[in-house]
Amino acid sequence: IAGAAAERRTADDVSQLPAALADFRSVDGMIEARALDRRLHGLVTATARNPHLTSLSAHLTAAATLGFGAEPYAPEFLGRARAEHEELVGHITRGDADAAGRSAQAHFSLTLESMRSSLRRAGATRAE
């Protein structure tokens, strides 16, 4: 998706993506961060201009987030998400499809780590 976005971006996308990134960078609360994360990922997907990839992304997001539609990352992951989004948006706006794809792939490891962290916290809370 990120590679296709880098290849198909328009001048409008090149202005919208950094604006969405700036909003995400400036947020403090986790509820708002999750909403802005969804917005930024949605813009990347829309920039790819591929209905099949859009559908696949929605399906994978629902499966990965257990239907919640947002990653449950904790505040300790917010700084890393900001840096990874910065890198991803940079590659897309510069049109570097290969780097955008690699960056997106690395970014998805954050989902796995945050979900594992959430499960550990939930397990620890239950054990108390």
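Analyst: Helices (H or I, at least four residues) and strands (E, at least two) are DSSP runs, numbered from the N terminus. This is a predicted model, in which local features need pLDDT of at least 70 and side-chain atom pairs count only at pLDDT 80 or more, while totals for chains, interfaces and linings use all residues. Residues are numbered from 1 along each chain as its sequence is written, and side-chain values use heavy atoms, with hydrogens and water left out.

User: Which residue follows H5, and what is its phi?
Analyst: Helix H5 covers residues 78-94. The residue that follows H5 is Gly 95, and its phi is positive, near 80°.

User: What span does H5 reach from its first C-alpha to its last?
Analyst: The expected span of a helix is 1.5 Å times one less than its number of residues. H5 has 17 residues, for which 24 Å is expected, and its span is close to that, at 24 Å.

User: How many helices and strands does the protein have?
Analyst: From the N terminus on, the elements run α-α-α-α-α-α. The secondary structure therefore comes to 6 helices and 0 strands.

User: What percentage of the residues in the protein is buried?
Analyst: Buried means under 20% relative accessible area, with exposed over 50% and partly exposed in between (1.4 Å probe, protein chains only). In H5 the buried residues include Leu 78, His 85 and Ile 92. Of the 128 residues in the protein, the buried share is 39%.
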